[in-house]
Amino acid sequence: MSDSVTVDPPPMPLLVKKYQQLQEMVADIAATSTADVDDVQVSELVRVNERVVRALTFQGLRRLQEVNDRGLFRKAGHSTLHRFVMSELRVSRGDASSRLKALDAAGELLSMQGQPLPPKCPAAAQALDQHRKCMTWSMPG
């Protein structure tokens, strides 16, 4: 008789779980009909959608900042963060450049010695941070 041991998988990090839930929620929203939604609500949903897109864009910049800070683009086999963005995110050269310009302007990057550098455009960084804090909404009813 052989002794077998059951090993539980490690717990999923909270942020990974939240992104998984987000993907599921977006799929659920995409599959939901607007047949019972009135005109005012549809107009509000468009505005809410835009706020969510902007908030996710900000989160995407934060994730790219981590990729840069941790040198993960090199670990993934890319010589630059720009090449990582183009290849791994499957975006055009222009889109990758735009994202990295936004990150450069508003992000808090690290120096070559690993010291935090202030954002090149503090007003943009502050606006993005303020936007993150204002992500609550309610539907007119």
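Partly exposed here means a relative accessible area between the 20% under which a residue is buried and the 50% over which it is exposed. Aspartate 104, at 31% relative accessibility, therefore counts as partly exposed. Keep in mind that this is a predicted model. Below is a quick tour of its core, a pocket and some salt bridges.

**Nonpolar core**
- The largest nonpolar core has 12 residues in all, among them Leu61, Leu64, Phe73, Phe84, Val85 and Leu103. Helices α2 (39-70), α4 (81-88) and α5 (93-106) are the elements that each put in two or more of them.
- Take valine 85, one of the core residues: setting aside residues up to four places away in sequence, it touches Leu64, Arg90, Val91, Ala96, Arg99 and Leu100.

**Glutamine 65**
- Glutamine 65 sits in helix α2, and it counts as buried because its relative accessibility is 18%, under the 20% limit.
- Beyond its neighbours within four places in sequence, glutamine 65 is in contact with Leu103, Gly107, Glu108 and Leu109.

**Second largest pocket**
- The second largest pocket holds about 540 Å³ of space, with α2 and α5 as the elements giving two or more residues to its lining.
- Of the 18 lining residues, Gln59, Gly60, Leu61, Arg63 and Leu64 lie nearest the pocket's centre. Helix α2 supplies the largest share of the lining, with 11 residues.
- Sorted by class, the lining comes to 10 nonpolar, three polar and five charged residues.

**Salt bridges**
- The whole structure has seven salt bridges.
- Glutamate 50 pairs with arginine 54 through their side chains, at 3.2 Å from N to O. The two are about one helical turn apart because four residues separate them in helix α2. Glutamate 50 is partly exposed, at 36% relative accessibility.
- Also in α2, glutamate 66 and arginine 63 are three residues apart, so about one helical turn lies between them. Their side chains form a salt bridge at 3.1 Å, N to O, and glutamate 66 is partly exposed with a relative accessible area of 31%.
- Aspartate 104 and lysine 120 make a salt bridge at 3.1 Å, N to O. This pair ties together distant parts of the chain, since aspartate 104 is in helix α5 and lysine 120 is in the loop between α5 and α6 (122-133), 16 residues apart. Lysine 120 counts as exposed, at 63% relative accessibility.

Definitions and conventions. Residues are numbered from 1 along each chain as its sequence is written. This is a predicted model: local features need pLDDT of at least 70, side-chain atom pairs count only at pLDDT 80 or more; totals for chains, interfaces and linings use all residues. Side-chain values use heavy atoms; hydrogens and water are left out. A nonpolar core is a set of buried Ala, Val, Leu, Ile, Met, Phe, Trp, Tyr and Cys residues joined through side-chain atoms within 4.5 Å. Buried means under 20% relative accessible area, exposed over 50%, partly exposed in between (1.4 Å probe, protein chains only). Contact means heavy atoms within 4.5 Å. On a 1 Å grid over the protein atoms alone, a cavity is a set of points where a 1.4 Å probe fits but cannot get out, and a pocket is an open set with protein on both sides within 12 Å along at least five of seven lines; lining residues have an atom within 4 Å of a point. Grid points are joined across faces, edges and corners, and a volume is the space filled by probe spheres set on the points. Ala, Val, Leu, Ile, Met, Phe, Trp, Tyr, Cys and Pro count as nonpolar, Asp, Glu, Lys and Arg as charged, and the others, Gly among them, as polar. A salt bridge is a side-chain nitrogen of Lys or Arg within 4 Å of a carboxyl oxygen of Asp or Glu.
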